[in-house]
Amino acid sequence: MFEGKKVIVIMPAYNAERTLEKTFRDIPEGIADEVILCDDHSHDRTVDVAERLGLTVIRHDRNKGYGANQKACYDAALKKGADFVVMVHPDYQYDPRVVPFALGFLAKDICDVVIGSRIRSRAEVLNGGMPVYKYVFNRMLTAAENIVFGQNLGDFHSGFRVYKRAVLETIRYRENSDNFIFDTEFLAQAVHTKFRIGDIPIPTRYFDEASSINFRNSLIYGLQTLGVMAKYLIQKTGLLRFRIFNR
């Protein structure tokens, strides 16, 4: 329990055998009531490691995609009565030691959603291993998203996220993509439903074992992000209605 609230950490996993234990060990002791890992049909020993660590494991019988993995995690966390849900990627790219600080903003009712921002300075990000093209794409897209969504976030594309239960109960996340654009759709939905979004600084970590999409998929993701922004603007004008923005 964290200030009387049930905390569940979810880990959407794919081939995370080499980094899972290190990530799990960095979650502050006693902060999570349960850790749920959903394995998206990995080809390594991710499930074996998770079971040895005592995690609750969900297994997909085929690779369904990053978004579908999150949907299964959130469904399970809600079913188990989570008040706060923390998403930590098991590839050790995001530092779980900051979990208590992120939860504090929810517990004090300052934010409904907290995102980990990797962008504190250009030097820190590049020294942390983020490829230059990813940094440029991130800065361009984040700037555009802040304008379109009326926010002031440092990193719209971070995989470290903490949600209140009410957010997951209100947003139609099951209508979202099963792929990487799921995260952007979720934030657009959170903005549309007027949830309060904040961010906290986290270290930048890029290394061989950390999962990351290549240049081609990054370009596709960028175009899809522009598409989500376009849908949001059209929804706001009332010209068309999109199911993902329904409560």
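## Thr193 and its surroundings

The side chain of Thr193 has a polar atom 2.8 Å from the backbone oxygen of Gln189. A polar contact is defined as a pair of N or O atoms within 3.5 Å; within protein, one must be able to donate a hydrogen and the other to accept it, and residues adjacent in sequence count only if both atoms are side-chain atoms. The structure is a predicted model, in which local features need pLDDT of at least 70 and side-chain atom pairs count only at pLDDT 80 or more, while totals for chains, interfaces and linings use all residues. Residues are numbered from 1 along each chain as its sequence is written, and side-chain values use heavy atoms, with hydrogens and water left out.

Thr193 belongs to the loop between α8 (182–192) and β7 (197–201). Helices (H or I, at least four residues) and strands (E, at least two) are DSSP runs, numbered from the N terminus. With a relative accessible area of 9%, Thr193 is buried; this term means under 20% relative accessible area, exposed means over 50%, and partly exposed lies in between (1.4 Å probe, protein chains only). Apart from neighbours within four places in sequence, Thr193 is in contact (heavy atoms within 4.5 Å) with Thr170, Ile171 and Arg247.

## Salt bridges

Side chains of opposite charge can pair when their charged atoms come close. A salt bridge is a side-chain nitrogen of Lys or Arg within 4 Å of a carboxyl oxygen of Asp or Glu. The whole structure contains 19 salt bridges. One of them joins Asp109 to Lys164, with the closest N and O atoms 2.5 Å apart. This pair links distant parts of the chain, 55 residues apart: Asp109 is in the loop between α4 (99–107) and β5 (113–117), and Lys164 is in strand β6 (residues 161–164). Asp109 is partly exposed at 43% relative accessibility, whereas Lys164 is buried, with a relative accessible area of 15%.

Asp109 also forms a salt bridge with Arg196, where the closest N and O atoms are 2.7 Å apart. Here too the pair links distant parts of the chain, since Arg196 lies in the loop between α8 and β7, 87 residues from Asp109. Arg196 is partly exposed, its relative accessible area being 34%.

A further salt bridge brings together the side chains of Glu169 and Arg165 (2.7 Å, N to O). These two residues are four apart in helix α7 (residues 165–170), and therefore about one helical turn separates them. Salt bridges with shared partners join Asp109, Asp112, Lys164 and Arg196 into one network.

## Leu153 in its loop

Leu153 is located in the loop between α6 (132–149) and β6. This residue is buried, at 7% relative accessibility. Residues up to four places away in sequence aside, Leu153 touches Ile115, Thr142, Asn146, Ile197, Gly198 and Asp199.

## Packing of α6 and α9

Two packed helices are described by the angle between their axes and the distance between the axes. For α6 and helix α9 (residues 215–237), the angle is about 5° and the axes are 11 Å apart. The two helices are therefore roughly parallel. Axes are lines fitted to C-alpha atoms, for helices over the stretch in contact, and angles run from 0 to 180 degrees between N-to-C directions. Angles under 35 degrees count as roughly parallel, over 145 as roughly antiparallel, 65 to 115 as roughly perpendicular and the rest as oblique.

Among the residues making this contact are Phe137 and Leu141 of α6, and Leu226 and Met229 of α9. The contact residues comprise 12 nonpolar, three polar and two charged. In this grouping, Ala, Val, Leu, Ile, Met, Phe, Trp, Tyr, Cys and Pro count as nonpolar, Asp, Glu, Lys and Arg as charged, and the others, Gly among them, as polar.
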